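Student: I'd like a close look at a single part of this one, please. Could you walk me through how that part sits against its neighbours?

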Amino acid sequence: MDTRKDHNSGAYVGATLLIVIGLAALVANLGGSTFVYESIPLGFGIAFLVAYALTRQYGFLVPGGILSGLGGGLLTSSLLNAADGGPYIVSGLGLGFLLIFAVDILVSGKALRWWPVIPGGILLLVGTEIASGSDSFLRTFQIAAPIALIVIGVALLVTRARRPAA
């Protein structure tokens with residue numbers, strides 16, 4: 001039996017997640033740290049990123065990036081004792097999506113999976129908009145996003161209608 005194949009199967013992901021949960025619970029119970037609960041999503045994200053590093057399975061990179069970004073934003077908000085943590089959390093989530101894209105490019109050497117740039121960019125812009133206190137981007141987005149969806153839908157229908165019947 002090839003141990004390399006077992007190693008790449010992701011069999012260690014469950015163990016890694018249990019270790020992260022156990023460490024967070026131990027720190028919370030022994031130290032009573034106020035930031036332990038805010039760190040849990042970041043811990044899960046790191047566990048998934050470790051699983052990705054061990055297996056190179058894209059399915060671990062996606063939750064790893066999303067949870068790491070969300071957890072980083074949540075922890076930053078708590079560390080800064082922000083009255084409104086929304087901008088940090090939304091921006092962190094956006095950065096998490098962009099992390100997926102960046103790590104995938106670094107590992108594969110190609111930008112084949114560019115989908116994380118869309119939610120990442122939008123969330124980062126929204127988080128920046130919320131932090132600035134302005135709502136001009138959000139107002140524009142409320143009109144532009146539905147129009148973009150309509151245009152894409154029409155383009156798909158036209159492309160499909162022009163395709164010869166098989």
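Student: At what angle do helix 3 and helix 4 pack, and how far apart are their axes?

Tutor: Two bits of bookkeeping before the answer. This is a predicted model, where local features need pLDDT of at least 70, side-chain atom pairs count only at pLDDT 80 or more, and totals for chains, interfaces and linings use all residues. Residues are numbered from 1 along each chain as its sequence is written, and side-chain values use heavy atoms, with hydrogens and water left out.

Now the packing. Helix 3 (residues 36–55) meets helix 4 at an angle of about 150°, and the axes are 7 Å apart. (Axes are lines fitted to C-alpha atoms, for helices over the stretch in contact, and angles run from 0 to 180 degrees between N-to-C directions.) The pair is therefore roughly antiparallel, a label for angles over 145 degrees. Their crossing is left-handed, meaning the near helix is turned anticlockwise from the far one by less than a right angle; clockwise would be right-handed. By class, that contact has 15 nonpolar, nine polar and one charged residues. Here Ala, Val, Leu, Ile, Met, Phe, Trp, Tyr, Cys and Pro are nonpolar, Asp, Glu, Lys and Arg are charged, and the others, Gly among them, are polar.

On to the next neighbour. Helix 4 and helix 5 (residues 86–108) also pack at about 150°, with axes 7 Å apart, so they too come out roughly antiparallel. This crossing, though, is right-handed. Among the residues making the contact (heavy atoms within 4.5 Å) are Gly65, Gly69 and Gly73 of helix 4, along with Gly92 and Gly96 of helix 5. The contact of helix 4 with helix 5 divides into 13 nonpolar, seven polar and one charged.

As for helix 4 itself, its 22 residues (58–79) should span 32 Å at 1.5 Å a residue, and the end C-alpha atoms are 31 Å apart, so the two agree. The expected span is 1.5 Å times one less than the number of residues. Ser78 lies in helix 4 and counts as buried because its relative accessibility is 19%; the cut-offs are under 20% for buried, over 50% for exposed and partly exposed in between, with a 1.4 Å probe and protein chains only. Leaving aside residues up to four places away in sequence, Ser78 touches Phe35 and Glu38. After helix 4 comes Asn81, with a positive phi near 55°.

Zooming out, the chain has seven helices and zero strands, where helices are DSSP runs of H or I with at least four residues, strands are E runs of at least two, and numbering starts from the N terminus.

Terms used. Parallel < 35°, antiparallel > 145°, perpendicular 65-115°, else oblique.
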